[in-house]
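Here is a short briefing on one protein chain. Keep the sequence and the 3D view open while reading.

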Amino acid sequence: MNFYIETYGCQMNVADSELVTSLLITAGHNVVNDIDQAELILFNTCSVRAHAEDRVLGRISNEKHRKKANPKIQIGVLGCMAQRMGKRLLDSKIGVDFVIGVDQYDRIPALLSAKDLQPHLLDFDSTQIYQDLMPVHQSKTCGFVTIMRGCNNYCSYCIVPHVRGRERSRPWQDVLNDVKKAGQDGLLDITLLGQNVNSYLDNEVDFPELLKRLETVDNIARMRFITSHPKDLSDSLIDVMASSKRICEHIHLPMQSGNNRILKEMNRKYTIEHYQSLIHKLRHAVPNVAITTDIIAGYPSETDTEFEDTISAMKDIGFDYAFCFKYSSREGTDAAMRTDQIPEAIRLKRLQKMIDLQREITLAKFRAQIGKEVEVYIESMSKKNKDQVSGKTRDFKIAVLKGSESEIGSLKKATVIGATAGTLICQ
Ligand code: SAH
Ligand code: SF4
Ligand code: F3S
């Protein structure tokens, strides 16, 4: 049967969609990129903020009409929202035929061949790591390799541990095989994925050791990893970053807040002083390292002064980029139970202030690169100009330069001649 899969949320979901694609192809089904050709439509969904869920619900409902035209069409919901809402999605009358949770994907083929007719399969399986499954990479340039699943951290605002289950690491040999396969497929840029890669552990192999063991794989030119939790970022990881030729000069290190009381309430288990000391060490060990982050505005009980601590930290640190979010209450989390929620208008005002500030900082960071030589990994044609190609620098900045389709997948040296707050213009 022809299937089409639409993916929302983080890279973990992108990687999971690749797994599901692989499973379905092995079972004799056929992936299509055009939804009109599909008899099976899958939505791999995200629950991290209410907005993410609302978007997908709207999107699924929009496709309901297809089932009237062709009753054979089936719509399935996978991912974090499937896990969170379960049967409620089936009951919602938006045309969903089945929901499958994050640890049950290997049962999809049987479900489709009607051997297993349960319309919702949601049990967590704390051992599920989809062993022996080789993902079908969607990109011809950048590969994602899951090194661990789940999360044990229970940050008080976050739904992820509730929808992804407990943390488990994949055997290091399996990770190595996936990275080798990606290298053989011609992907030069690999991102290792986990909710907190710093707590990776397979017997004696911890995360820095895993990176060392991946360093020798043929073809791979660039290696990255997301996400690092500041409480677990070790000196040995910083050492490996400093000595490796492949690990890119970039780290994504979510700060969440610049205020210690809020960090404590968020159950983040570090102080802003500790966070700043990590930045200092990283910048010392890896010159020109780009640092990106996630920050939340308007966590319950956050005062204006406490929010200003976040603004000060952003100014002090000068992130290359910050993903700024306004706090979104998620049913089932500790923070959602609180009675001191911040009014929506204040959350929005704080969010806007962070976005405006970060835009200025990012622009300054990008402009500071003018005149420098960078290495660009050409990933696609530029959307704006058909004589230009677009790619990323080692420090995770989007760059455009003159080029043609045949250069996609290659590494090119270029000089930065201009910058906006999101793109380096190179030649
Ligand atoms: N495991 C990763 C991130 C997972 S979610 C980590 O720990 O960093 C990505 C980001 O979404 C988080 O870093 C956080 O900034 C944001 N986020 C998570 N839950 C949120 C919520 N309820 N409201 C607003 N932002 C949230
Ligand atoms: Fe969520 Fe915290 Fe786990 Fe990240 S570390 S996924 S923010 S609970
Ligand atoms: Fe969203 Fe699930 Fe990722 S909630 S951010 S898709 S782990």
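Tyr154 counts as partly exposed, at 35% relative accessibility. Its place in this predicted model is the loop between β8 (148-149) and α7 (160-164). Phi of Tyr154 is positive, near 50°, and the residue is not a glycine.

**Backbone geometry elsewhere**

- Tyr130 also has a positive phi, about 50°, without being a glycine.
- Tyr130 lies in the loop between β6 (120-121) and β7 (142-146).
- Tyr130 is buried, because its relative accessibility of 4% is under the 20% cut-off.
- A cis peptide bond runs from Ile226 to Thr227, with omega near 0°.
- Thr227 sits in the loop between β13 (222-226) and α10 (235-243).

**Asn13**

- Helix α1 (residues 11-26) contains Asn13.
- Asn13 is buried, with a relative accessibility of 1%.
- Its side chain makes a polar contact with the side chain of Arg164, at 2.6 Å.
- Beyond its neighbours within four places in sequence, Asn13 is in contact with Thr7, Tyr8, Asn44, Thr45, Cys46 and Arg164.

**Asn259**

- Asn259 belongs to the loop between β14 (250-252) and α11 (260-265).
- The relative accessible area of Asn259 is 8%, so the residue counts as buried.
- The side chain of Asn259 reaches the backbone nitrogen of Ile262 at 3.0 Å.
- Leaving out residues up to four places away in sequence, Asn259 touches Glu306, Asp309 and Thr310.

**Overall fold and packing**

- The protein chain has 14 helices and 21 strands.
- Its radius of gyration is 22 Å, close to the 22 Å that the globule rule gives for 427 residues, so the chain is as compact as a globular protein of that length.
- Along the principal axes, the C-alpha atoms fill a box of roughly 60 × 55 × 50 Å.
- Buried residues account for 56% of the 427 residues.
- Of the contacts between residues at least 6 apart in sequence, 71% join residues at least 24 apart.

**Surface and charge**

- The protein chain exposes about 18,800 Å², and carbon and sulfur atoms supply 51% of that area.
- The chain carries 56 positive and 55 negative charges.
- The mean positions of the positive and negative charges are 4 Å apart.

Conventions: Residues numbered from 1 in each chain as written. Chains lettered and ligands numbered in written order. Predicted model: local features only at pLDDT ≥ 70, side-chain atom pairs only at ≥ 80, totals over all residues. Heavy atoms only, no water. Helix = DSSP H or I, 4+ residues; strand = E, 2+ residues; numbered from the N terminus. Rg over C-alpha atoms; globule rule 2.2 N^0.38 Å. Buried < 20%, exposed > 50% of the residue type's maximum accessible area, 1.4 Å probe, protein only. Contact = heavy atoms within 4.5 Å. Areas by Shrake-Rupley, 256 points an atom, 1.4 Å probe, with all protein chains shown as cover. Lys, Arg positive; Asp, Glu negative; His and termini not counted. Charge placed at Lys NZ, Arg CZ, Asp CG, Glu CD. Polar contact = N/O pair within 3.5 Å; in protein donor to acceptor, adjacent residues only side chain to side chain.
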